[in-house]
Amino acid sequence: CKDLPSGEPESQGQLKPVTSHGSGRYETSTFVETYVMDIPPGLFTTFKEPEPQYLPPGWSAHVHPEGNIYFALDGPLRVVTNAYLYRGTTLQRVCHWIEQIQKLLLQSGVTVTENAELFLMLEAEDCGYYLVDHATRTQFWLESFDTEKLDLPAVSTQSQLKIVLEELYWVHVEHFPMHVKPLPTEILDDIIYIFSHGLCDQMTSHVSTFNFSARECEVFLNLLQRCRGNINSGHTTWIIARLWSILDAHKVLIHHGQEQARLSRDQYIVFNPELKHRWLSLIMALITFKTSGHHLARLNDVFVDHIVYIHQWKPFISDCLQQWRSTTYVVSNSASTCESAGPTFCRHSQDSCAYPLVLRSSSFFTVQPGCTSPSWC
């Protein structure tokens with residue numbers, strides 16, 4: 001950045017804390033324009049390579065496995081950014097904010113080692129930032145912020161907060177995997193052990209808290225075993241980082257390592273001061289002929305502390321939809337039977353026959369219609 005031409009723009013914006021989840025990676029920042037291009041003879045051959053685009057000393061460009069380009073600075077303060085540094089004005093702005101971060105480092109008293117890495121995200125006049133420590137696998141900032149300010153989940157202890165910040169670290173590595181040093185084999189071994197335990201737990205317990213099914217565990221274990229021979233690849237780094245971030249997020253949900261951990265998926269452990277309207281349940285039981293209680297019990301089994309396991313949720317919803325279709329079919333046939341028989345032959349009032357049609361919009365409730373067969377009408 002010291003070799004940049006003079007006259008770089010002065011920014012009036014502010015530094016803002018962001019997290020790996022708020023990096024704007026999957027947001028469209030610009031639209032692509034395509035056009036007809038001439039192809040000179042011998043282009044891209046050994047003897048006619050196009051001139052490389054300019055980057056200052058220390059900067060390098062990398063292509064993520066998903067396809068986006070990012071830039072990394074190797075120096076006393078390591079930096080990564082998704083900003084397109086081949087554009088001169090963008091490069092100048094990034095260098096300006098690096099200088100601002102260096103000043104803030106001196107003011108904060110935070111010691112940055114060679115294991116630290118700064119992320120910068122340009123936003124109009126402002127700039128979002130965070131830092132990670134590759135040695136301790138955490139994400140940090142140079143000012144004090146609470147979890148709500150950073151849009152992070154509420155936690156019960158500092159040890160749980162450490163897991164939250166570790167998850168953010170792995171998301172960072174997932175976003176920028178191609179320039180970092182190869183991960184130690186111990187990290188790969190650990191994640192294999194975790195998935196092996198998860199596989200056994202899913203196969204021997206119907207209330208396992210592991211967030212992948214037994215079949216998914218087998219697939220991931222096969223994938224991770226293949227990674228052993230490619231531990232130096234950035235693609236392997238991406239695979240491990242993606243899975244570690246998911247596992248850390250899961251640890252936060254089950255309060256892994258805390259005084260009260262969630263040991264089964266149907267276990268409530270989070271205090272909820274909200275009052276439950278039992279009178280509403282009684283009313284629903286009456287108007288649904290007590291079928292709502294059955295579905296409520298099943299719903300409570302898969303929806304605990306605002307957590308839903310997808311491999312439990314899908315069968316539940318499929319079964320509800322199947323029952324809903326069956327109920328709709330029975331109601332339709334019953335209504336047709338009542339209409340063909342005429343009102344004088346129907347023992348149930350028109351409202352009684354139509355009543356299930358009103359409730360059929362809910363996939364969680366099934367109601368047996370008043371007229372279920374011609375013998376009732």
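Predicted model: local features only at pLDDT ≥ 70, side-chain atom pairs only at ≥ 80, totals over all residues.
**The core**

Let's start inside. The largest nonpolar core counts 64 residues, and the members that touch the most others are Trp59, Leu120, Tyr129, Ile191 and Phe195. Which residues does Ile191 reach once its neighbours within four places in sequence are set aside? The contacts are Leu224, Ile240, Leu243, Trp244 and Leu247.

Arg137 isn't a glycine, yet its phi is positive, at about 55 degrees. Arg137 sits in the loop that runs between β6 (126-133) and β7 (138-140). Asp151 does something of the kind too: its phi is near 60 degrees, again positive in a residue other than glycine. You'll find Asp151 in the loop between β7 and α2 (158-175).

Are these two buried or exposed? Arg137 is partly exposed because its relative accessible area is 30%, which falls between the 20% and 50% cut-offs. Asp151 has a relative accessible area of 71%, so it counts as exposed, being over 50%.

**A nonpolar patch on the surface**

Ile283, Leu286 and Ile287 make up a nonpolar surface patch, and together they have about 280 Å² of accessible area. Ile287 belongs to helix α6, residues 278-287.

**Cysteines and a histidine**

How many disulfides does the model have? The count is 0. Cys200 is partly exposed, at 48% relative accessible area, whereas Cys217 is buried, at 0%.

His96 is part of helix α1, residues 88-108. His96 counts as buried because its relative accessibility is 6%, under the 20% limit.

**Accessibility side by side**

Here are the residues discussed above, with their values.

| Residue | Relative accessible area | Class |
|---|---|---|
| Arg137 | 30% | partly exposed |
| Asp151 | 71% | exposed |
| Cys200 | 48% | partly exposed |
| Cys217 | 0% | buried |
| His96 | 6% | buried |

How values were computed: Residues numbered from 1 in each chain as written. Heavy atoms only, no water. Core = buried A, V, L, I, M, F, W, Y, C linked by side-chain atoms within 4.5 Å. Buried < 20%, exposed > 50% of the residue type's maximum accessible area, 1.4 Å probe, protein only. Contact = heavy atoms within 4.5 Å. Helix = DSSP H or I, 4+ residues; strand = E, 2+ residues; numbered from the N terminus. Patch = residues over 30% accessible without salt bridge, like charges linked within 9 Å, V, L, I, M, F, W, Y side chains within 5 Å. Areas by Shrake-Rupley, 256 points an atom, 1.4 Å probe, with all protein chains shown as cover. Salt bridge = Lys/Arg side-chain N within 4 Å of Asp/Glu carboxyl O. Disulfide = S-S within 2.5 Å.
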